[in-house]
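This briefing concerns strand pairing and a surface patch in the structure shown below. Please keep the sequence at hand while reading.

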Amino acid sequence: MIKHIKQNRYLYCILLVAFFLRLYDLDRESIWLDEAGTSNTSSMSFNVMIDHIMSYDVHPPLYYIFMHYWKIFLNDTEFSLRFPSVLFGLICIVYVYRIARRLFDERVALFSAVFLAVSPFHIHYSQEARSYSLLAALISISMYYFLRILSHGSDTITPMLSHTDGGEREKKNESLCIQSETVDVNSNNHNPTTYSNPSYNPNPNPNPNPNPNPNPNPNPNPNPNPNQNQNEGAGQRLAAESGSWKDRKYFYLYITSTALSLYCHNFSVFYWFAQNILFLFFWYHFKSSLSFKKWLLIQAGVVIALLPYFPMLAYQMKGSPVMLDWIQKPTFQSLFLTLIEFCGGFTTSHSGIDFSRFDYSFSIIFAFFGFFFSILSVFSISELNRQSPSESAFLARDYKLSVGNKSGFAWVFCFIWFISGILLPFVASWLYLPIYVTRCSIASQIPMIILFAAGANQFFRYFPMIAFCFLIICNLFDCHTYYRKQTKSSWSGATGYLEQKARKNDLVLFDADFAQIAFDYYSRKAFLRKKPFPNNFQTLGELKELLKELVKNEKRIWLVTAHSQDRKDVFPAMLSQYLTLNTRRDFFGITVRLFEK
């Protein structure tokens with residue numbers, strides 16, 4: 001245990017910092033609408049909860065089920081509701097570290113973990129009682145074990161995918177080996193060989209005698225067996241092929257984590273699709289020992305694990321056009337804003353006040369230089385592939401990059417992972433139904449962070465800490481902005497103010513009926529009567545008649561406006577025709593009005 005801690009001491013320090021950043025001011029802001037929905041749904045009995053999810057939600061049930069049992073042991077407070085997301089965020093950092101270490105090296109892995117640990121976007125959703133932090137954790141776990149089953153038992157995979165995760169590396173000759181061709185300076189013959197270090201000598205034996213073996217017998221084996229080498233080769237091939245199935249835990253862990261991610265959020269299907277694309281790419285180019293048939297069996301295992309969810313999914317899809325009508329079709333500006341949010345900028349879209357308000361000065365700098373480093377590093381790899389064999393071996397030794405087509409697999413892996421959670425829902429939003437929401441694509445931030453870390457490490461070959469510190473400073477400035485700004489609707493203050501001023505038999509109207517869930521989370525006065533604002537009208541004339549009937553016997557009416565589609569304040573104006581506006585109080589994302597006769 002102590003040895004393990006010493007080997008991973010830097011990772012543990014990063015986790016401590018990440019834990020502090022996610023725990024800091026965890027209950028500073030009020031529960032907002034979606035978090036109140038989490039509390040309300042998970043408080044139901046199990047069967048009622050499942051029926052409620054099928055009828056009024058579009059998300060899979062895993063997160064609600066987890067929170068249902070979590071709340072059995074802890075109170076229903078802001079801190080206890082959000083604390084599981086903190087833990088999921090830490091798990092995500094661990095697996096991002098392991099993925100980056102498997103794809104690149106130790107330094108890139110540490111850079112990736114630090115970037116994610118101080119990312120304001122990741123911190124924000126690690127402090128929210130929703131499924132996004134769990135989604136990012138499960139996708140990272142699934143991607144990690146996807147890498148493990150690709151490289152397990154294969155002799156043709158790059159050193160990036162074949163070293164272990166416990167800090168131990170393969171033997172130096174194996175970890176630095178690069179398949180290439182040596183050039184005989186005395187002839188035009190090219191012989192395939194292996195370079196294990198930059199000082200490779202094509203003729204390491206100084207003895208000019210072409211037959212350095214003093215034994216005159218050309219066959220040193222006294223009992224030669226003509227079939228021995230053939231049998232040994234066949235045995236090695238069989239062992240390599242069966243080795244990928246010898247330790248089956250990676251296959252089971254991949255199936256489990258992938259199925260759980262699909263039970264967590266619908267956007268997981270885009271990353272599942274990306275894994276299949278990556279497998280086809282890997283299988284075609286690198287001829288992995290993981291056969292196409294075995295891969296189909298693994299995917300069949302994922303599908304079988306999802307069978308209990310299919311009836312619920314079919315029922316949810318019938319109501320999804322109505323429940324998702326608040327999402328607008330994305331534009332190319334939406335893609336840009338998504339990248340800005342990934343890099344540290346954040347919006348106050350939760351409050352419903354201003355969907356275009358961003359604090360993105362440092363996040364733009366982070367995004368620009370992160371992509372700049374990454375793109376230049378890709379060109380560096382291409383240049384590496386054109387170097388002479390000895391020089392390429394030297395570079396590969398330093399930066400854990402192999403020569404040939406395999407050198408770009410890590411970049412292809414991260415790139416396909418990155419765009420799958422952004423472009424696929426973007427296209428689906430135009431072809432089928434608007435579903436594009438940045439927070440649902442949170443798992444696409446992970447490969448972007450890894451690419452930034454690898455780019456900083458590769459671009460600044462001899463001084464990588466310069467790029468690292470520069471990007472970290474940009475993120476820390478955005479963290480400071482995040483902690484001092486309010487991002488969630490102030491339901492605690494609005495509810496407390498209303499109940500302090502309310503009288504017995506007062507009527508509370510909500511212009512958005514679903515907003516009552518957040519009000520009820522903080523409400524403690526049982527005498528208040530609550531109703532949604534009349535919404536079963538086709539014309540303003542019908543609305544006028546409904547309001548006239550509603551206020552006929554009322555002396556005091558409170559109107560709570562939040563997450564409203566009434567941008568022009570038509571409802572308050574109509575209500576003012578029958579009652580007098582006495583008080584108006586604005587909170588962050590919420591407006592409370594009191595009308596009296």
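Two strands count as paired if DSSP finds at least two bridges between them. Helices (H or I, at least four residues) and strands (E, at least two) are DSSP runs numbered from the N terminus. The model is predicted: local features need pLDDT of at least 70, side-chain atom pairs count only at pLDDT 80 or more, and totals for chains, interfaces and linings use all residues. Residues are numbered from 1 along each chain as its sequence is written, and side-chain values use heavy atoms, with hydrogens and water left out.

**Parallel pair**
- Four bridges pair strand S3 (residues 507-510) with strand S4 (residues 529-532) in the parallel sense.
- Valine 508 has lysine 530 in S4 as its bridge partner.

**Antiparallel hairpin**
- Strands S6 (residues 580-587) and S7 (residues 590-596) run antiparallel and are joined by seven bridges.
- Opposite arginine 585 stands valine 592 in S7.
- Two residues lie between the strands of this hairpin, where glycine 589 takes a positive phi near 85 degrees.

**Nonpolar patch**
- Helix H14 (268-286) and helix H15 (292-306) each supply at least two residues of the nonpolar patch, and H14 gives the most, with five residues.
- Tryptophan 283 lies in helix H14.
- Tryptophan 283 counts as partly exposed because its relative accessibility is 35%, the class between buried (under 20% relative accessible area) and exposed (over 50%), with a 1.4 Å probe and protein chains only.
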